[in-house]
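Hi,

Here is the structure I said I would pass on. Have a look at it first, and then read my notes below.

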Amino acid sequence: MHTLLFRSTNQQSPAANLREAFLQGLAPDRGLYFPEKFPKLTADEIASFASLPYHEIAFRVLSRYTEGVIPSDTLAAMCSSAYNFNIPLEKTYDRVHVMRLDQGPTASFKDFAAQMMARMSGHFLNETGKQLTILTATSGDTGAAVAHAFHNIPGVRVIVLFPFDEVSRSQRKMMTTLAQNVRTIAIDGKFDDCQAMVKRAFADPALQHLPLSSANSINIGRLLPQSVYYFYAASRIAKPGEPIVFSVPSGNFGDMMGAVVAGQMGLPIKKLIASVNSNDAFPRFLETGHYEKIVPSRNAVSNAMNVGHPSNLARLVAVYGGRMDETGKIHQMPDLAAMRRDLFSSSISDERTRETIREVWNKYELLLEAHGAVAWRGFLDWLEVEPLGNAPAVILETANPAKFPEEIEKTIGFSPDVPPAMEAMNQMPEDFDRMTADYEKFRDYLVTKHQS
Ligand SMILES: *Cc1c(COP(=O)(O)O)cnc(C)c1O
């Protein structure tokens, strides 16, 4: 048996196994955990995925990381209970497809990671007998996915902070109708206020006795499950060994790093396109070799991608032999020529995003929302510089259009259909606390609620 080890991108902390890396989240040196060496799948193994259901592919991929840490039958059970929803691949023209990652319980691709993370947490906590409080600040999708996934997981309590005025009614309902071990607090403030309160709690000596953890995108447990759907897409569309093109709508670059992980494990990728909104730090870096964060981050319609400094770039840089610290400072340049060979990146304005939603609807009767539209447009931008030939291509749609009814209505003149699961949640009674953006009050809340 071989237990895989993870190292920090800052190269100071000792190596950790998956359990340790998972429970710590951030490495002690503030770097991000990443596999010391990528496990490889043979071409035959990857070819065999063509006849396997999604949860079985998830098991074959993830078991390479969990050996010695999670028993094989436990992992198999986790995969089949986590991934019981559809993953449609809709054909547009030639071999170009849209993969909808929006059929999970909270209708965004964040469900893929959150569902698996929750099960892993439950397993590790059960082993250690520990309790955990997961604190998360959200502007929408993450809070909903995390709250749903951790709902009723023994040993875990979830507290979600969200800005009352910045979250749509349907997004709010996905967090506030759960009860039991999930508490939501509506903050009279902005997302930045919520995030600042959560960060202060993690650093507060008065709360050191509480077992606090976060479920944010830097956790390795969130990244690995996001490599599976790339294998899945290729297994359904590409011939064995045939390189495939992916376009990924990117904010913190966790989704896109899932494709990089798949590539490192042996999936042949012709081009990986990181499509971003007006937060264009990465495409500029790829072009110029100079990295500059966008501060403050810019607001765009694809609001889940309003990230000025994508935290996962530290991992991407590491894959290409460089080193970037958590502040975005590059200590060692990655191999830019290799990055440019493998990757393409384009920044899409709100105007082009909306235009794309209209065009794709008119041309293919295919409904995209803003995040998927950014990915589509990034793909078109790439076609301007390189020929696709007859290669298969997959554009990722990461949220259900029904999450953004006003925006869709404004752009193409009708409201999207609401999936039954979302409709059911819309009908359920809400229960949440309300608070001003006052840290002292939040600290009291954490201390008293913990004791009760
Ligand atoms: C979070 C999110 C993204 C961005 O994913 P990253 O992993 O942060 O790049 C894209 N689309 C939607 C709908 C999201 O919720």
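A definition before the sheet: two strands count as paired if DSSP finds at least two bridges between them. Helices (H or I, at least four residues) and strands (E, at least two) are DSSP runs, numbered from the N terminus. Keep in mind that this is a predicted model, in which local features need pLDDT of at least 70 and side-chain atom pairs count only at pLDDT 80 or more, while totals for chains, interfaces and linings use all residues. Residues are numbered from 1 along each chain as its sequence is written, and side-chain values use heavy atoms, with hydrogens and water left out.

The sheet

Five strands make an open sheet with parallel pairing, in the order β8-β5-β6-β7-β15. At the edges sit β8 (212-213) and β15 (433-436), each of which pairs on one side only. Strand β5 (residues 132-137) is joined to β6 (residues 156-163) by six bridges, and the two run parallel. On β5's other link, to β8, there are two bridges, again parallel. Ile134 is a handy landmark: its bridge partner in β6 is Val158, and in β8 it stands opposite Ser213.

How well covered is β5? Six of its six residues are buried, where buried means under 20% relative accessible area, exposed over 50%, and partly exposed in between (1.4 Å probe, protein chains only). In a regular strand, side chains alternate between the two faces of the sheet. Here Leu132, Ile134 and Thr136 point one way, and Thr133, Leu135 and Ala137 the other way.

The ligand

The ligand has 15 residues around it, the closest being Lys110, Asp141, Gly251, Asn252 and Thr398; a residue counts as near if one of its heavy atoms lies within 4 Å. That shell divides into six nonpolar, six polar and three charged residues.

A polar side-chain atom of Lys110 is 2.6 Å from a ligand oxygen. Backbone atoms take part too: a polar one of Gly254 lies 3.0 Å from an oxygen of the ligand, and an N or O of Asp255 lies 2.9 Å from one. The protein covers 96% of the 380 Å² of accessible area that the ligand has on its own (Shrake-Rupley method, 1.4 Å probe; for residues, only the protein chains shown count as cover).

Asn400 lies in the loop between β14 (393-397) and α17 (405-412) and counts as buried because its relative accessibility is 8%. Its side chain reaches the backbone nitrogen of Ala402 at 2.9 Å. Beyond four places in sequence, Asn400 is in contact (heavy atoms within 4.5 Å) with residues including Asp102, Glu369 and Pro419.

Ser227, in the loop between α9 (220-223) and α10 (228-237), is buried at 0% relative accessibility. A polar atom of the Ser227 side chain lies 2.8 Å from the backbone oxygen of Leu224. Ser227 and Val260 are 33 residues apart along the chain, with 7.8 Å between their C-alpha atoms.

Ser302 is in the loop between α12 (281-288) and α13 (313-319), and is buried with a relative accessible area of 0%. Leaving out residues up to four places away in sequence, Ser302 touches Asn277, Ala370, His371 and Val374.

Cheers

Terms used: A polar contact is a pair of N or O atoms within 3.5 Å; within protein, one must be able to donate a hydrogen and the other to accept it, and residues adjacent in sequence count only if both atoms are side-chain atoms. Ala, Val, Leu, Ile, Met, Phe, Trp, Tyr, Cys and Pro count as nonpolar, Asp, Glu, Lys and Arg as charged, and the others, Gly among them, as polar.
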